Amino acid sequence: MLSIRGLTKRFPSPQGELLAVDRVDFDAAAGEFFTMLGPSGCGKTTTLRMIAGLESVSDGAIVFDGRDFARVPPQQRNIGMVFQSYALFPHLSVFENVAYGLRTRGMARPEIARRTDEVLRALQLDAFASRLPATLSGGQQQRVSIARALVYRPSMLLLDEPLANLDAKLRVQMREEIRRIQREFGILSLYVTHDQEEAMAISDRVALFNSGRLVQVGKPRDIYRRPATLFAADFIGQANFLPARLAGRDAAGAKLTLPGGTALVVRHAAALGAEEAVRVPPGADALVMARPERIGIGPAGAGLRGRVLRTQQLGGCLRCVVAAEAVPGEITVDSWHARGEPAEGAEVGLTLDAAECLAFLRPEATA
Ligand SMILES: Nc1ncnc2c1ncn2[C@@H]1O[C@H](COP(=O)(O)OP(=O)(O)OP(=O)(O)O)[C@@H](O)[C@H]1O
Ligand SMILES: [Mg+2]
């Protein structure tokens, strides 16, 4: 339904030009909740603004519902936008804030009332209709700004960090709320955030950006399990990176030796980019990525030997930070076993679930 091809934005800058968005390609389907995720300055807002028509396109194409946006002026794109700042009119009631756009379009009064009431009900704002924005909580104000975007019945909703002004607890509540509203309206939504947990929690698919480039697009679970690059592995969720030597490769995967001599066959191996390879310590051919829940922790004897430095109870799981004898740095392990959990200071053995580990190989080791 939405197709983005080679989308590029260059801004003039004192150093010549700044490539804010660099040949981005993706498709999003009708009704999808599609999130653009990435660190500050990676080009998320610029991409969204080009889709909305608020920013010119340097190169590439945006096609929505068969219409080439290069030939569709912004006001005819039928897009609803929600921003971090709610930008509500302070002197107008909630009802009037939502109805405002319909009035300026010259819609008949009864129709305005009907549509506005309908959206206010769907967003559970009907009880606040006559209140002024200043008398509402941040979350309620953001709901009003979403109502205002939806009242036009747009065919696509763009949301740029809509929760950034809310406190942590309300952010979690509101993200569920936005997801519920989006499902109820069945509207294709492009959501921008730099919060990976938020992106993973509510998206059908996530597009991970870094420095203007699209790194990976996929379902949250797939990106988590099979990050395409070291950046993706690091940015999404918790990850341990263990240096390893490549002992050989065959159909079963890459045979790796961890420090201390533990052998591991990793089925999924990806090549590191030249810049990423810098992170591999001297003497190693690869970094093995293991998520904290994919490392078993037990009495010393099996696997990597180490000592528990700290533990932290995270809900039902015990997070253990371990110093392994042969591995530099700390290894984070999440244990879900209520019994026999290690205490701080305990000597332990760490075993890796090879089927869920990924290897990132130095470019020369992949040949
Ligand atoms: N109007 C502009 N003129 C010049 N450079 C710009 C302009 N708008 C954005 N940029 C630059 O383009 C790059 C991408 O900016 P953008 O706002 O898209 O990032 P972002 O991913 O939304 O970041 P954040 O998470 O901080 O909002 C940044 O380096 C930014 O400084
Ligand atoms: Mg932004």
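The model is a predicted one. Its protein chain contains ten helices and 21 strands, and the C-alpha atoms fill a box of roughly 75 × 50 × 40 Å when this is taken along the principal axes. Of the 367 residues in the protein chain, 39% count as buried. Among the contacts in the protein chain with a separation of 6 or more, 66% are accounted for by residues 24 or more positions apart.

**The helix pair α4 and α5**

Two packed helices are described by the angle between their axes and the distance between the axes. For helix α4 (residues 138–150) and helix α5 (residues 168–185), the axes come within 11 Å and cross at roughly 20°. Because angles under 35 degrees count as roughly parallel, α4 is described as roughly parallel to α5. The crossing in which α4 passes α5 is right-handed. On the α4 side the residues that meet α5 are Gly138, Gly139, Gln142, Ile146 and Leu150, and on the α5 side they are Leu170, Gln173, Met174, Ile178, Ile181 and Phe185. Sorted by class, this contact of α4 with α5 has seven nonpolar, four polar and no charged residues.

**Arg103 in helix α2**

Helix α2 (residues 94–104) includes Arg103. This residue counts as exposed because it has 12 C-beta neighbours inside 10 Å, and a residue is classed as exposed if that number is 12 or fewer. Between the C-alpha atoms of Arg103 and Leu188 there is a separation of 25 Å, the two residues being 85 residues apart along the chain.

**The five-stranded sheet**

Five strands form an open sheet with antiparallel pairing, in the order β16-β20-β17-β18-β19. Strands β16 and β19 stand at the edges and have a single partner strand each, so one side of each is left without a neighbour in the sheet. From one strand to the next, the twist averages 45°. Within this part of the chain, strands β17 and β18 run antiparallel and are joined by eight bridges, and Thr311 stands opposite Cys320 in β18.

| β16 | residues 295–299 |

How values were computed:
Residues are numbered from 1 along each chain as its sequence is written. Chains are lettered from A and ligands numbered from 1 in the order in which they are written. This is a predicted model: local features need pLDDT of at least 70, side-chain atom pairs count only at pLDDT 80 or more; totals for chains, interfaces and linings use all residues. Axes are lines fitted to C-alpha atoms, for helices over the stretch in contact, and angles run from 0 to 180 degrees between N-to-C directions. Helices (H or I, at least four residues) and strands (E, at least two) are DSSP runs, numbered from the N terminus. Angles under 35 degrees count as roughly parallel, over 145 as roughly antiparallel, 65 to 115 as roughly perpendicular and the rest as oblique. A crossing is left-handed if the near helix is turned anticlockwise from the far one by less than a right angle, and right-handed if clockwise. Two residues are in contact if their C-beta atoms, placed from the backbone, lie within 7 Å. Ala, Val, Leu, Ile, Met, Phe, Trp, Tyr, Cys and Pro count as nonpolar, Asp, Glu, Lys and Arg as charged, and the others, Gly among them, as polar. A residue is buried if 20 or more other C-beta atoms lie within 10 Å of its own, exposed if 12 or fewer, and partly exposed in between; C-beta atoms are placed from the backbone. Two strands pair if DSSP finds at least two bridges between them.
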